[in-house]
Amino acid sequence: MLIRRTMAELEPVADKAVSHFYALLFLHHPDLRPLFPPAMDVQRDRLFRALLTAARHADDTETLTAYLSALGRGHRKYGTRAEHYPAVGEALIGALTQYAPLTWGDATEAAWVRVYTVISQIMIDAAADDGLTSPPWWQAEIVGHELCGPDAAVVTVRPDQPYPFLAGQYASVETPWWPRIWRHYSFSSAPRPDGLLSFHVKAVPAGWVSGALVHRACPGAVLRLGPPAGSMIVDHSTDNGLLCLGGGTGIAPIKALVEDVAAHGVARPVEVFYGARRDGEFHVMDALRELEQGHSWLSVRPVVSEGPPRALSGQLANVVREYGPWKDCDAYLSGPPEMIRSGVDTLVGVGIPSHRIRHDSIHELLAATG
C-alpha cells in the first residue's frame, strides 16, 4: 500500500524524478557514468521505469522473479556488477524522498528499502547463475547485408560462439558506430543448423542504431549481442491453432514462429495476417509464400492500410475481426506499439483469453526504436 501510494504521487512528476535520480547517481558515484551511453535519451527512462515496474509487482513473487531475473541477466552486457546495486538504491531513495514528499516517511522508506533489497538480490543472483554458463555478450560478425528497399535491410551475423535462442525471441544489439547504445531486434528465422542469425531492420528517422545497421553496416563489421529475451514463443505442448499478426518488420519473428511450427512436424492451423502501409513493403512475402506452398496448414494474408485497395485493405486489427472464429487459437502479435495495443483489444474482443495472447513488452518496443 505504501509503495503504491508513493508511485501514485510520483506519476505526475516522473520526468523530474528520473532526472534527479541520475543526478544523484552520477554525482555520488561518477565511476558509474561510463556504464551508460553518452546520450541518455532512451536509457534515461529505462532503468528508473524498470525499478518502478518491479516495485509495482512486489506482492506477486512469480511475476517479480521472472521479470527481474531476465533484467539481471540482461544487465550483464552493460558491465553491471553486484557492488553497483547499493549505489542505485541510494539514488532511488533520494529521488523518491524529493518527489514524493506527501507519502514519504519512516514507514514508507522502510518499505522501499525492503522492496529494493529483494529486487537487487533477485537480479544479482540471476546474473551470477547466468555467468556460470553464458558470456555477458556475444561478438557477432556480419556475414550478409541485403537491402530490401531504401530504408530496410536483412542483416545476417555469425556469433563467435553458440547462441541459444528460441523462435520468436529477440536480442539487444550494439554496433561499433554507437558504443553503449543497445537496441532490440527480433530474429527473423528459427534457429539454423549453421548457427547464423538474421535480423530484419528498418531505419527510422533519427534512428542511430537502425540507420547504422541499414546504411553503414557491411560484411566484416562486428556487432555485440546481449542474451536472448522475450516470451513470444510457440507452446508445443498443445495443438491449438496459431493466429499471427505481424506489422512492418514485426513480421520477422512471426516468420520464425512459422518455421518453428514446420520444424516440429505437427500439422496445426496457422493463420498469418501481414500488415504494411503500402504494397511494396511486404519484404518477406516471398519467404512466407514459399512456406505456405509447402505446408497446407499455413495461410498468409497480406493487408495494406494505404494506397489502392487490394484483396485485403484497412487497419490490420479490423481485417482480422472479419475472419475467425479465433477463440480457440493462441495469438501472437509483433509490430509497432500502436498495432500491438489495437490488436490485443481486438483479440480479447473476439473471445481469445488474454493469457493466450503473446507479444513483446510495449515498453521494450518503445525503447527499441532507433
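Modeller: In this predicted model, L333 stands opposite H359 in β11.

Colleague: What makes β10 and β11 a pair of strands?

Modeller: Two strands count as paired if there are at least two bridges between them. Strand β10 (residues 330-334) and β11 have 3 bridges, in the parallel sense, so they meet the criterion.

Colleague: Why are β9 and β11 said to stand at the edges of the sheet?

Modeller: The open sheet has 5 strands in the order β9-β8-β7-β10-β11, with parallel pairing. β9 (298-304) and β11 (357-359) each have a single partner strand, so one side of each lacks a neighbour in the sheet. On average, neighbouring strands here are turned by 15° against each other, direction ignored.

Colleague: Why is α8 called roughly parallel to α9?

Modeller: Helix α8 (residues 251-264) packs against helix α9 (residues 285-294) at an angle of about 20°, their axes being 11 Å apart. Angles under 35 degrees count as roughly parallel, so the term applies to α8 and α9. Their crossing is left-handed.

Colleague: Which residues make that contact, and how are they classed?

Modeller: I251, K255, V258 and E259 contribute from α8, and A287, L288 and L291 from α9. By class, the contact has 5 nonpolar, no polar and 2 charged residues.

Notes
Residues are numbered from 1 along each chain as its sequence is written. This is a predicted model: local features need pLDDT of at least 70, side-chain atom pairs count only at pLDDT 80 or more; totals for chains, interfaces and linings use all residues. Side-chain values use heavy atoms; hydrogens and water are left out. Axes are lines fitted to C-alpha atoms, for helices over the stretch in contact, and angles run from 0 to 180 degrees between N-to-C directions. Helices (H or I, at least four residues) and strands (E, at least two) are DSSP runs, numbered from the N terminus. Angles under 35 degrees count as roughly parallel, over 145 as roughly antiparallel, 65 to 115 as roughly perpendicular and the rest as oblique. A crossing is left-handed if the near helix is turned anticlockwise from the far one by less than a right angle, and right-handed if clockwise. Contact means heavy atoms within 4.5 Å. Ala, Val, Leu, Ile, Met, Phe, Trp, Tyr, Cys and Pro count as nonpolar, Asp, Glu, Lys and Arg as charged, and the others, Gly among them, as polar.
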